[in-house]
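Hello,

Here is the structure I said I would pass on.

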Amino acid sequence: QLTVQLPQLESGNQTGCWSLIELQGSFESRTLAEDNLIDQEEKLRGGLIGDLLFSRHSGQPLLIVGHHLLQGKSVPLEKPLAVIRGNQIVGVIRNKLVFRDRPKPIIASVTKR
Amino acid sequence: LILAFKIINKMDTSSKSNAANFPIRSQEDLIGLMSMAKISTSEVQPVVQSVHFANELLDDQVMLLELDEALLAKLIKGEDRLEVKGSIDQEAVLCTSECTYEVREVETSNSLMLSTDTLMPPATASAEGLDGGGIQVRRSSIAAVKHSYAELRRLKPGPASLRCLLPQSASYRGLVEEQEADADAAAAVAAESPTMEQLRTTAQMSDSELSRLLDSVNAIELDGRVRLLHEDLPQQVLSALMSAAVENDWTLAALPVEDACASLADLYDPRVTRRVIQLHSVQSGVLGDCVELDSKLISRTFGHFLLRLGSAYDLSVFLPLWQEAVSDAATVSLDHLAGLCLTSSSPGDCSESADSITVRYFPADLLPDNHAARFAELFKARAKWTLEDLQPYLESVCYGKVTPGSLLARYARVSNANGRKYYSAR
């Protein structure tokens with residue numbers, strides 16, 4: 001029998017607390033591969049997904065993935081999500097970053113270095 | 001098995017282990033990337049994170065479970081716990097001390113990326129040594145990618161799921177039968193009967209629902225095993241108790257438990273007498289020395305017994321018979337038999353003289369739990385019902401948002417006759 005018990009840790013903004021980023025599509029799907037967003041190989045090798053930035057004033061999350069810029073938002077969850085590992089609740093998530101809008105291509109311009 | 005909880009602060013996939021394969025991106029790399037995206041460093045909060053997959057993904061090891069805030073708060077405070085109940089071949093059911101839930105998986109086509117080291121605002125708003133602008137590049141890792149989460153759907157367990165675990169063949173029939181049983185028969189009974197702890201873990205219901213249902217099916221715990229009382233026993237024991245009360249000048253409003261059990265000891269195992277007293281007492285919980293018996297419950301037990309004996313009775317015959325059986329203990333009334341019998345009076349029939357009404361056994365317990373199936377049986381037994389008559393037959397499948405009203409809206413049709421509302425099949 002399993003019993004789920006919760007550690008005393010509450011979710012917050014410090015390391016060690018669980019966070020959730022939601023991306024439209026899956027890493028295995030062809031659309032993401034076609035858009036050159038994520039290479040499936042990367043997933044296996046601890047590879048880079050992208051770079052996460054937050055707008056200074058609005059706090060809007062921005063994700064640069066491959067040659068695309070994704071603009072997202074921070075959304076509170078309707079109901080909290082418990083993260084369960086084994087028979088323990090190891091974290092609680094109450095917000096997520098969602099990136100749902102169409103990615104904007106970043107055009108590399110030739111610059112002199 | 002209850003494991004003591006650990007406070008888990010850090011995941012095993014720390015950034016350091018990734019560094020060997022992928023050195024941290026440099027400030028220049030990021031600034032260059034940002035300028036291509038037409039984002040200047042002054043537009044962003046200083047902490048920029050390069051998000052990587054962890055070296056070892058935990059997709060199969062972690063699960064997301066949606067919980068109500070209220071339940072979560074109780075779990076955090078340690079006021080309640082969630083337990084998986086049932087046997088391996090059954091659907092997953094999680095229980096708190098009071099409630100029962102089925103676990104359903106909700107799939108999404110999106111990727112849910114979980115991390116323990118990704119910073120969010122306001123932690124990203126300041127970085128040491130960077131006052132006037134500029135960025136600090138940090139590494140963060142995604143520990144797992146999920147495409148589904150689990151949600152809990154409340155269930156209301158009914159007596160049927162408990163009866164599956166308590167076979168009739170192992171029911172307790174009486175002193176004589178117990179004593180006459182040979183070793184093989186006794187062993188068979190023990191083998192078929194769960195212990196209380198086994199029942200607690202295999203019955204897919206919360207502990208408090210189990211307790212309530214054990215009372216409603218007249219189960220008893222004897223010698224470490226839980227068994228049903230044979231259906232005739234409660235009425236027999238009550239009859240004996242009532243006789244003993246008359247002989248000893250006891251009142252059923254203050255029955256001395258030990259004396260009562262002792263006086264019946266030749267006929268009935270005192271543990272059985274105690275259980276029958278408990279099942280008919282006004283107070284729930286542990287029995288005191290002196291107990292008040294509930295006259296309505298006594299009335300119900302005798303009525304139940306009579307209903308099972310015959311197929312149908314004229315009400316004019318049934319009522320006196322019933323009253324005689326109950327004698328002084330109660331004044332009988334059909335509402336004591338809610339959920340046990342149906343009368344044949346047709347609604348809207350103006351001639352309601354007692355002679356024209358018959359009553360027959362129709363127990364709620366034997367109806368299917370499935371809502372559609374239950375309504376089919378109800379409307380087959382009687383075409384039109386009042387809400388009042390229906391309620392005892394819906395009570396066991398209602399909980400939370402599932403109310404008799406919501407069920408009727410879905411499965412029944414309303415009509416009016418003589419200023420009263422009647423429900424019938426759609």
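**Confidence in chain A**

Residues are numbered from 1 along each chain as its sequence is written, chains are lettered from A and ligands numbered from 1 in the order written, and side-chain values use heavy atoms, without hydrogens and water.

Over residues 7–15 of chain A, pLDDT stays under 50, and the model has 27 contacts (heavy atoms within 4.5 Å) beyond four places in sequence for them. Residues 30–36 of chain A also stay under 50, with 9 such contacts. Where pLDDT is low, the predicted coordinates should not be read in detail.

**Domains 1 and 2 of chain B**

The domain assignment (automatic or from a database) gives chain B domain 1 (2–7 + 23–155), domain 2 (159–228) and domain 3 (232–293). The contact takes 15 residues from domain 1 of chain B and 10 residues from domain 2 of chain B. The centres of these two domains, taken over C-alpha atoms, are 45 Å apart.

Between domain 1 and domain 2 of chain B there are 2 salt bridges (side-chain nitrogen of Lys or Arg within 4 Å of a carboxyl oxygen of Asp or Glu). B:Lys85 forms a salt bridge with B:Asp207, with the closest N and O atoms 2.7 Å apart.

Regards

Terms used. Predicted model: local features only at pLDDT ≥ 70, side-chain atom pairs only at ≥ 80, totals over all residues. pLDDT = per-residue confidence, 0-100.
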